[in-house]
Amino acid sequence: MNKLSQDILGGKKMKKRIINLIILLSGTLFIFIIVTGKFNVECLFKKIFHISCPGCGLTRSFRSILNLDFINAFKYNILGIPLFILCIIYIILLIRDVMIGSDKGNKLVLYIFSKYYILIICLFIISMIINNINGI
């Protein structure tokens, strides 16, 4: 390879690393906000439509998981525990991607969403129904 093509490839790898690092830092900030509990936001969906969305209760569920209170985590949102586990796996993949300069973690997430989007939509609808039955 000539010098120019090596510089372009190196630039693409650096750009991927920077994007992955930004995602990782954003996720870390989000987890810090959840742990401290000092930043509460009302659900815009609930405010407009007066019903709970699939994500209602996730912050409380994640906070309960971090306090090892899995029963309340499940009560707040049934998707809390699986989403928390997926977030941890994604963070680990992002750390690996930042260290080696790849984007396999992002490709894996896109692959999962492209293959299982119907299942994901059904899970969100079920979560929304259960959230509204439970009055979350």
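**Close-up 1. Ser61, a buried residue of helix H3**. In this predicted model, Ser61 has a relative accessible area of 0% and is therefore buried (buried means under 20% relative accessible area, exposed over 50%, and partly exposed in between, with a 1.4 Å probe and protein chains only). Ser61 belongs to helix H3, which covers residues 58-66 (helices are DSSP runs of H or I with at least four residues, numbered from the N terminus). With neighbours within four places in sequence set aside, the contacts of Ser61 are Ala73, Tyr76, Asn77, Gly80 and Ile81 (contact means heavy atoms within 4.5 Å).

**Close-up 2. Ile81 in helix H5**. Helix H5 spans residues 80-100 and includes Ile81. The relative accessibility of Ile81 is 25%, so Ile81 counts as partly exposed. Not counting residues up to four places away in sequence, Ile81 touches Ser61, Ile65, Phe70 and Ala73. Between the C-alpha atoms of Ile81 and Leu58 the separation is 9.2 Å, and these residues are 23 residues apart along the chain.

**Close-up 3. Cys87 and Cys122**. Cys87 is partly exposed, at 36% relative accessible area. Cys122 is also partly exposed, with a value of 39%. A disulfide is a covalent bond between the sulfur atoms of two cysteines. Zero disulfides are found in a search of the whole structure (a disulfide is counted as a pair of cysteine sulfur atoms within 2.5 Å).

**Notes.** Residues are numbered from 1 along each chain as its sequence is written, and side-chain values use heavy atoms, leaving out hydrogens and water. Because the model is predicted, local features need pLDDT of at least 70 and side-chain atom pairs count only at pLDDT 80 or more, while totals for chains, interfaces and linings use all residues.

Key: Helices (H or I, at least four residues) and strands (E, at least two) are DSSP runs, numbered from the N terminus.
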